[in-house]
Amino acid sequence: MRISTYKVPSTKSIRLKDYPTTEDKKKENEHIRDEIIPDLVKQMKSLHHRLHAEEKHGILVVLQAMDAAGKDEAISYIFSNLSAQGLKTTTLGKPTEDERAKDYLRRIQEGLPSRGEIGILNRSHYEEVIAPRIHDLLEEGDIPSHGDKQSIWQMRYRQINDYEKYLYENGIHIVKFFFHMSKDEQKDRLLERMKNPEKHWEFSFADVEEREHWDDYHKIFEEMLNHTSTSYCPWYVLPADDEWHSRRLVTEIMIQLMEKLDPKYPTFTGDDLKRLKKEIKKLENE
């Protein structure tokens with residue numbers, strides 16, 4: 001599968017409408033789920049185990065989307081299969097008063113992975129260039145003395161790119177997934193949650209309220225993708241109407257990244273190797 005098809009280029013602008021929300025893969029859901037995903041997850045799990053053992057690189061996974069697009073399910077069906085020791089998941093909600101009093105990038109720091117870990121941000125620092133624009137949430141302290149409400153977004157894009165480059169240069173590799181869902185598909189998924197009592201816990205009235213801003217959200221999503229997909233921290237736009245196809249893509253992209261990092265199990269050398277052989281003999285002779 002050509003992963004590059006879903007990658008947002010860093011050298012030219014894209015139009016979000018040119019990326020499909022479906023590739024007509026729903027009919028293959030069972031095949032992908034039962035015949036393809038298990039082998040991919042097994043491969044990803046092996047790579048993650050080596051990544052965790054080597055402790056040379058960390059990976060930060062960013063998940064952004066409209067409600068019901070499939071972020072939680074990607075975590076449940078894909079990432080939950082990885083070793084818990086080398087995995088951390090952080091879900092960002094509405095900023096608390098304490099978080100609002102700090103710089104906007106600080107709230108993600110507890111979710112950053114150490115070297116050897118995969119960290120997942122279910123929603124992320126990108127909320128700070130989305131929600132405040134939709135709902136006019138900027139406060140006086142958010143706007144620097146040399147800026148205004150118009151220039152602050154370009155400034156934040158630059159700050160985010162600089163911060164992600166800093167992480168990248170310090171061994172934390174960032175991969176960003178945008179779950180691109182159609183409005184009709186979201187309607188179907190929201191109705192399923194609303195009508196099924198066993199899924200009420202997945203539903204929030206805010207989901208339907210935010211739906212009223214659909215066009216505004218997608219205008220900002222497109223701008224965000226164009227300004228923050230870089231060669232070192234790219235965005236991938238997934239056809240989220242095809243739920244299992246999207247999960248397959250997430251898995252394949254993660255495998256591709258870890259294969260590039262090529263993590264290896266640490267081995268003994270020199271004096272440590274000599275001592276190891278000595279200790280093996282000692283134990284064998286007990």
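This is a predicted model: local features need pLDDT of at least 70, side-chain atom pairs count only at pLDDT 80 or more; totals for chains, interfaces and linings use all residues.
The protein chain has 10 helices and five strands, and its C-alpha trace spans about 75 × 50 × 40 Å along the principal axes. Of the 286 residues, 48% are buried. If you look at contacts between residues at least 6 apart in sequence, 82% of them join residues at least 24 apart.

**Helix H9, wrapped up by the rest**

- Start with H9, which covers residues 243-261. Its end C-alpha atoms lie 28 Å apart, in agreement with the 27 Å that its 19 residues should span at 1.5 Å a residue.
- H9 is largely enclosed by the rest of the structure, since 15 of its 19 residues are buried.
- With a relative accessibility of 1%, His245 counts as buried, because the cut-off for that is under 20%.
- His245 also shows how the chain comes back on itself in space: Ile37 is 208 residues away from His245 in sequence, yet their C-alpha atoms are 9.3 Å apart.

**How H1 and H9 pack**

- Helix H1 runs over residues 29-54, and its axis sits 9 Å from that of H9, at an angle of about 25°. The two helices are therefore roughly parallel to each other, as angles under 35 degrees count that way.
- The crossing of H1 and H9 is left-handed.
- From H1 they include Ile32, Ile36, Ile37, Leu40, Met44 and Leu51, and from H9 they include Trp244, His245, Arg248, Thr251, Ile255 and Met258.
- Sorted by type, the residues of this contact come out as 13 nonpolar, five polar and six charged.

**Ile78, a buried loop residue**

- Where does Ile78 sit? Find it in the loop between helix H2 (71-77) and strand E2 (87-91).
- Ile78 counts as buried, because its relative accessibility is 0%.
- Leaving aside residues up to four places away in sequence, Ile78 touches Ile37, Val41, Met44, Glu73, Arg247 and Thr251. Ile37, Val41 and Met44 belong to H1, while Arg247 and Thr251 belong to H9, and these five also take part in the contact of H1 with H9.
- Leu238 is 160 residues from Ile78 along the chain, and their C-alpha atoms are separated by 15 Å.

**How H5 and H8 pack**

- Helix H5 (residues 152-169) meets helix H8 (residues 214-228) at an angle of about 45°, and their axes are 10 Å apart. That angle makes H5 oblique to H8.
- The crossing here is right-handed.
- On the H5 side, the residues in contact are Gln154, Tyr157, Asn161 and Glu164; on the H8 side, they are Ile220, Glu223, Met224, His227 and Thr228.
- This set divides into three nonpolar, four polar and two charged residues.
- A handy rule for reading such a contact: an α-helix has 3.6 residues a turn, so residues three or four places apart point the same way.

- H10 covers residues 270-284, 15 residues in total, and reaches 22 Å from its first C-alpha to its last. That is close to the 21 Å expected at 1.5 Å a residue.
- Is H10 well covered or hardly covered? It is hardly covered: the count of buried residues among its 15 is zero.

**Loop residues to look up**

- Asp262 follows H9 and lies in the loop between H9 and H10. Its phi is positive, near 50°, in a residue other than glycine.
- With a relative accessible area of 36%, Asp262 is partly exposed.
- Arg123 is not a glycine either, and it has a positive phi of about 70°. You'll find Arg123 in the loop between strand E3 (118-122) and helix H4 (131-135).
- Glu212 is in the loop between helix H7 (205-211) and H8. Its relative accessibility is 69%, so Glu212 counts as exposed.
- Glu212 and Asn29 are 183 residues apart in sequence, and their C-alpha atoms are 30 Å apart in space.

Conventions:
Residues are numbered from 1 along each chain as its sequence is written. Side-chain values use heavy atoms; hydrogens and water are left out. Helices (H or I, at least four residues) and strands (E, at least two) are DSSP runs, numbered from the N terminus. The expected span of a helix is 1.5 Å times one less than its number of residues. Buried means under 20% relative accessible area, exposed over 50%, partly exposed in between (1.4 Å probe, protein chains only). Axes are lines fitted to C-alpha atoms, for helices over the stretch in contact, and angles run from 0 to 180 degrees between N-to-C directions. Angles under 35 degrees count as roughly parallel, over 145 as roughly antiparallel, 65 to 115 as roughly perpendicular and the rest as oblique. A crossing is left-handed if the near helix is turned anticlockwise from the far one by less than a right angle, and right-handed if clockwise. Contact means heavy atoms within 4.5 Å. Ala, Val, Leu, Ile, Met, Phe, Trp, Tyr, Cys and Pro count as nonpolar, Asp, Glu, Lys and Arg as charged, and the others, Gly among them, as polar.
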